[in-house]
Amino acid sequence: MSDIKKRQHYVWRHYLRPWANNEQIWTYLKEESKIINPGLMGVAQEKHFYKLIEFSEDEENFLRKYIEHTSPAVVKGLNLDFLTLFTSHYKLKKQLDTNTNPSLDKDTIGEEIKKLEHNLMEDAHGKMEALGFELLKCQSLEDLKSLEEDDKIFDAIMFLCFQYFRTKSMKKSALKSFQGDRFEELANKSWNIISYSMATTLARSISLDKNLKFVFVKNSTNDHFITGDQPVFNILNDKVNEKGEVIELELYYPLCPVTAIRIHFDNKQENKYIEESVTADKVEHFNQKVFDNSDFFVFADSEGLLKKYE
């Protein structure tokens, strides 16, 4: 196994490269109202963001029951496998500590378990990122259609759902609902595992919906699309019921500065795949939504575009 990965990105660097120039990317820091031009290695990352956590037996049993209760049958086994995988490190530690074999090199094995603790979930997200390569290569409506013809559309949906739930912004947003709840501490500890379960569940729900529709968005205006540290989000998250619950879902995801996709369930859209050429006003609408849904980082391919938000 490789060395411990300290800086762990919650937005894929490969995804951000179309907005970068020589690995430098124009970045707006929302909390500081400041524009900088850092390297891709320094943005949308946090030290040991995906480090695995040790749970008590009661906590792990609760997580198992939660996953069994909330997961559809088709992904339940997968989600339980994720739980087993992401709780394996401290069980291996216990086995090592109690092993009395004098020939066992406990120091070397202990170091490998430590790497597992720090790198396993980061590496797993890397596997999920691989599902998105074909989607990010799409430059036209025909490219997008070909994903379904090549049986890769579910991979693309799974990739997007993992990008949706894996970010720091989504973690902060989701944990707000647990504030004051008796499960608040456990929800905070287990979010990285819960987010896996939620991603597979959403991917299953989207892919099996008979009203699923795709829009390939082309931007030929002078202002390009921006993106942020919550690169895929529900652009209809302001549509809520009387309880404040979001009632509609439309995922928006900029693919690069001049293309994006929308995934929704609009019965008025007759064809499953359509193309949309956007006006300057529509670009501004999308970009403002990206800005509003970003947590700390907003990215663009030019400094001038970010100055609109300074």
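Residues are numbered from 1 along each chain as its sequence is written, and side-chain values use heavy atoms, with hydrogens and water left out. Because the model is predicted, local features need pLDDT of at least 70 and side-chain atom pairs count only at pLDDT 80 or more, whereas totals for chains, interfaces and linings use all residues.

Salt bridges, each defined as a side-chain nitrogen of Lys or Arg within 4 Å of a carboxyl oxygen of Asp or Glu, number 17 in a search of the whole structure. In one of them, Lys168 pairs with Glu46, and the closest N and O atoms are 2.8 Å apart. Lys168 lies in helix H9 (residues 168–176) and Glu46 in strand E5 (residues 45–47), so this pair ties together parts that are 122 residues apart in sequence; helices (H or I, at least four residues) and strands (E, at least two) are DSSP runs, numbered from the N terminus. Lys168 is partly exposed, with a relative accessible area of 27%, and Glu46 counts as partly exposed at 30%, where buried means under 20% relative accessible area, exposed over 50%, and partly exposed in between (1.4 Å probe, protein chains only).

Helix H9 also contains Lys172, which is 123 residues apart from Asp295 in the loop between helix H11 (280–293) and strand E12 (297–300). The side chains of Asp295 and Lys172 meet in a salt bridge (2.8 Å, N to O), in which Asp295 counts as buried at 18% relative accessibility and Lys172 is partly exposed at 39%. A further salt bridge joins Asp238 and Lys289 (3.2 Å, N to O). Since Asp238 lies in the loop between strand E8 (233–234) and strand E9 (251–256) and Lys289 in helix H11, the pair ties together parts that are 51 residues apart in sequence; Lys289 is buried, with a relative accessible area of 14%.

A positive patch is formed by Lys6, Arg7, Arg13, Lys47 and Lys114, whereas Asp3, Asp105, Asp107 and Glu111 gather in a patch of negative charge. Lys6 lies in the segment before strand E1 (7–9) and counts as exposed at 53% relative accessibility. Asp3 is likewise found in the segment before E1 and counts as exposed at 59%.

In helix H7 (residues 141–149), Leu141, Leu144 and Leu147 are buried.

Finally, Asn22 has a positive phi of about 55 degrees although it is not a glycine. Asn22 is found in the loop between strand E2 (20–21) and strand E3 (24–29) and is exposed, with a relative accessible area of 68%. Ser33, also not a glycine, has a positive phi of about 50 degrees; Ser33 lies in the loop between E3 and strand E4 (34–36) and is partly exposed, with a relative accessible area of 42%.

Technical notes
Patch = residues over 30% accessible without salt bridge, like charges linked within 9 Å, V, L, I, M, F, W, Y side chains within 5 Å. Areas by Shrake-Rupley, 256 points an atom, 1.4 Å probe, with all protein chains shown as cover. Lys, Arg positive; Asp, Glu negative; His and termini not counted. Charge placed at Lys NZ, Arg CZ, Asp CG, Glu CD.
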